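This briefing sets out selected local features of the structure shown below.

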Amino acid sequence: SRQVCSPRRTQNPLAAVSLPASLSHGPVWGMREPCPCVPGVSRIPACLNNRRNASISPARDTLFPGVPHAFQEHLHADHRPYRRVIFFMCAFVFIASKTAYDGTLRSETANMIQVGQQIEKVAEDFVTGNLTAVRGLTQQKALASGVLYGSASLVMKDQLQQTLKGNPHYAAIFAFDAAGKVLYGYTDDGQEISGKQLDMPEVLAAVAAGKEFIDSTPFKGTKGDVLFTIAAPVLNVMGQSGGGIAITLDWTRFSDRFVESVKFGQQGYPFVLDAKGRFLSHPNKALLLTDATQYDFTRAVLAQQTTQFQYLWEGKTKILVSCTMPITGWKICSSAYEDDLATVARQQRMLLALMGLVAIVALTGSIVLLTRRLILDPMNRIRQFAGQVAQGDLRAVMDGAYRYELDDLARSIQSM
């Protein structure tokens with residue numbers, strides 16, 4: 001029968017074993033010592049199983065019985081990098097989502113600017129093209145002679161009627177003499193306005209000075225449409241004005257086709273302001289030719305040639321960009337809610353978040369599997385071997401293959 005021997009320290013048998021640097025410090029107890037009671041028999045010192053020993057943590061000692069405290073600290077520290085990997089993956093997903101959101105918002109804003117510039121170019125071509133057409137009419141011999149001589153021939157009437165019918169954007173066409181009397185005029189609804197005095201002082205003043213005229217302050221027609229007039233003088237051989245030819249253009253028809261058909265997101269839209277700050281184009285027809293200078297954003301648009309800013313409208317943030325049409329001074333504006341423009345960005349953010357979650361789950365699963373295969377399973381075999389030896393089974397065999405530092409650890413424990 002064995003007697004219970006009191007624990008005592010012995011020379012450290014690990015002194016000749018090459019250990020990792022992190023394990024080579026701290027108090028290390030001998031794993032086995034000769035039993036003084038039974039010659040030739042070795043035993044486990046009682047101090048290794050003493051839970052009250054300050055140098056060995058009870059939780060770690062039960063996990064790896066007989067393994068020095070420094071070994072167990074090293075094994076527990078191996079789990080910390082996984083948390084950092086997951087943290088960095090989450091941070092990457094967040095940064096990528098924020099970058100995608102901001103990038104999409106910038107892209108949509110740039111698209112609004114580009115669309116506004118395209119509308120401005122098309123509108124300017126619309127005005128200048130029709131002004132060229134009026135200029136061409138003043139150079140036709142039949143029309144020019146009728147204006148200069150103050151008489152409307154059948155040829156003049158026929159040419160003006162055919163010109164009006166051939167263009168859907170013409171609301172009216174008329175020729176007038178130097179005194180402002182309409183020699184012959186015709187509207188798109190079939191009304192003749194011949195013999196009337198032209199009530200357009202700005203048109204008469206420009207034509208009398210031998211200049212072309214573009215109306216920058218449109219007016220409302222009988223149908224509620226926004227109309228504006230362009231005119232060109234008819235000059236005699238002396239270069240003096242003897243009257244002119246004018247066309248009234250239907251801006252609303254042009255706007256329906258080229259302005260109001262454009263959308264930004266679900267609720268964004270372009271609109272047009274004249275030089276006085278009145279709405280010339282807007283999805284809400286009731287606002288046409290109403291004064292918009294009561295709004296801060298209108299005053300900001302009128303103050304500059306081009307603008308890009310944000311403002312609050314009904315409690316939501318709106319983005320507004322604008323450019324100026326040089327030939328008329330009109331403002332081509334594009335406005336949309338920020339949340340509306342960011343719909344695509346939010347969808348991309350959700351997609352990135354989902355992809356990030358899948359990546360995190362896949363990475364975590366891979367780490368768990370690798371950890372179990374390369375670390376936990378080998379450590380469990382080492383723990384089982386150490387437990388068998390601790391219980392006195394001196395013929396225990398350590399099974400399995402070990403890699404890297406675990407191979408060194410396994411060899412060291414087997415040597416002990």
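In helix α7 (residues 251–258), the buried residues include Trp-251, Thr-252, Phe-254 and Ser-255; buried means under 20% relative accessible area, exposed over 50% and partly exposed in between, with a 1.4 Å probe and protein chains only. Seen down the axis of α7, its buried residues fall within an arc of 160 degrees, so they line one face of the helix; the arc is that of the directions from the helix axis to the C-beta atoms. Helices (H or I, at least four residues) and strands (E, at least two) are DSSP runs, numbered from the N terminus.

This is a predicted model, in which local features need pLDDT of at least 70 and side-chain atom pairs count only at pLDDT 80 or more, while totals for chains, interfaces and linings use all residues. Residues are numbered from 1 along each chain as its sequence is written, and side-chain values use heavy atoms, with hydrogens and water left out.

**The start of helix α7**

- Asp-250 caps the N-terminal end of α7, with a side-chain oxygen 3.1 Å from the backbone nitrogen of Thr-252; a polar contact is a pair of N or O atoms within 3.5 Å, where within protein one must be able to donate a hydrogen and the other to accept it, and residues adjacent in sequence count only if both atoms are side-chain atoms.
- Asp-250 itself belongs to strand β8 (residues 241–250) and is buried, at a relative accessible area of 2%.
- Leaving aside neighbours within four places in sequence, Asp-250 is in contact with His-169, Ala-171, Asp-225, Val-226 and Leu-227, contact meaning heavy atoms within 4.5 Å.

- Strand β13 (residues 330–337) has eight of its eight residues buried, so it is largely enclosed by the rest of the structure.
- In a regular strand the side chains alternate between the two faces of the sheet.
- On one side of β13 the buried residues are Trp-330, Ile-332, Ser-334 and Ala-336, and on the other Lys-331, Cys-333, Ser-335 and Tyr-337, so that both faces are covered.
- Strand β9 (residues 269–273) pairs with β13 in the antiparallel sense over five bridges, and Pro-270 has Ser-334 as its bridge partner; two strands pair if DSSP finds at least two bridges between them.
- Strand β12 (residues 316–325) also runs antiparallel to β13, joined by eight bridges, with Met-325 opposite Trp-330.
- Four residues separate β12 and β13 in a hairpin, and Gly-329 in the turn has a positive phi of about 80 degrees.

**Cysteines**

- Zero disulfides are found in a search of the whole structure, a disulfide being a pair of cysteine sulfur atoms within 2.5 Å.
- The sulfur of Cys-323 has its closest cysteine sulfur in Cys-333, 8.0 Å away, which is too far for a bond.
- Cys-323 is buried at 11% relative accessible area, and Cys-333 is buried at 0%.

- Most residues other than glycine have a negative phi.
- Leu-289 has a positive phi near 65 degrees; this residue lies in the loop between β10 (279–281) and α8 (296–302) and is buried, with 16% relative accessible area.
- Glu-314 has a positive phi near 55 degrees; its place is in the loop between β11 (307–313) and β12, and at 68% relative accessibility Glu-314 counts as exposed.
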